[in-house]
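User: Hi! Could you walk me through this structure with some questions and answers?

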Amino acid sequence: MKIGVIGTGSIGGTLARKLTTAGHQVRVANSKGPDDVRSFADEIGAEAADTHGAVDGVELVILAIPLSAIATFPKTLFENTPQTTPIISTSNYYPELGDPRIPDIDAGQVESIWVSEQLGRPVIKAFNNILAYSLAELGRPRGAEDRLAVAVAGDDVNQKQKVVELVDEIGFDLVDGGTLDESWRQQPSTPSYCCDWDATTMRKALAAAVKGEAPRKRAQLPEQFSALGSNPTHADVVALNRSLNWPA
């Protein structure tokens, strides 16, 4: 499959690496241009591109950039991207950790609905509720007892199915997060968010989310993460997320 990845940080870079290893034709890009990503692309066997080149004519797009940066994309970005191409949004909103405030989201708009409005295209919400370490190191073969799950939300059944196949291919079970309007259930500080759940527990976590509660919990994050110290382990972060995110 031809896949374009915009963003080569911890999530985008990990996905690009895994997908090239799996045999996909991957193009990588960031906001600084192809020269800035060329060494990484060469290292993993991908193609360096600018943002337009990353998405033109591809069969799947992954956006792994700060949420607010999505609003800076040119309106013509997807003019040569087929309408059938899934556009995966992995981004999350963290104003307490430095993200610019987005009034519509602060007023209650679902993050991925806001993203769709900025792009003028529907998106699939995926890979946003898994930690970078888990994505890089904890993939397991299908059927493994310790296989973790990833939630995927979106409105187009056919586009969702393409994402399902990728999630499975890189070592995770998929749990259907419902429509894009329901994707608030996998936003930061909800029970399903970055807790290393298996598929059964992920379904329970999505169902346990209480609308409107996450911003209050999210506001506690700077203090809570500060208490972990300067170099918390992965297990420390997962334990904290579980203790904070699951309803009392």
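User: Happy to start with one residue. Is S134 buried or exposed?

Analyst: Buried means under 20% relative accessible area, exposed over 50%, and partly exposed in between (1.4 Å probe, protein chains only). S134 has a relative accessible area of 0%, so S134 counts as buried.

User: Before we go on, what kind of model is this?

Analyst: This is a predicted model, where local features need pLDDT of at least 70 and side-chain atom pairs count only at pLDDT 80 or more, while totals for chains, interfaces and linings use all residues. Residues are numbered from 1 along each chain as its sequence is written, and side-chain values use heavy atoms, leaving out hydrogens and water.

User: Thanks! Which helix holds S134?

Analyst: Helices (H or I, at least four residues) and strands (E, at least two) are DSSP runs, numbered from the N terminus. The run that covers residues 132-137 includes S134, and its name is helix α6.

User: Which side chains make polar contacts with the side chain of S134?

Analyst: A polar contact is a pair of N or O atoms within 3.5 Å; within protein, one must be able to donate a hydrogen and the other to accept it, and residues adjacent in sequence count only if both atoms are side-chain atoms. At 2.7 Å, the side chain of S134 is joined to that of D196. At 3.3 Å, the partner is the side chain of H234.

User: Now to the strands. Which strand pairs with β1 over five bridges?

Analyst: Two strands pair if DSSP finds at least two bridges between them. Strand β1 (residues 2-6) has four of its five residues buried. G4 stands opposite R27 in β2. The parallel partner over five bridges is strand β2 (residues 25-29).

User: And which residue is the bridge partner of I3 in β4?

Analyst: β1 also pairs in the parallel sense with strand β4 (residues 60-63), over four bridges. There, I3 has as its bridge partner L60.

User: Let's look at helix α2. Within what arc do its buried residues fall?

Analyst: In helix α2 (residues 34-44), the buried residues are V37, F40, A41 and I44. They line one face of the helix, because, seen down the axis of α2, they fall within an arc (of the directions from the helix axis to the C-beta atoms) of 105 degrees.

User: What do those buried residues of α2 pack against?

Analyst: Contact means heavy atoms within 4.5 Å. On the other side of α2, D35, S39, D42 and E43 are exposed. The buried residues pack against α1, β2 and β3 (47-48).
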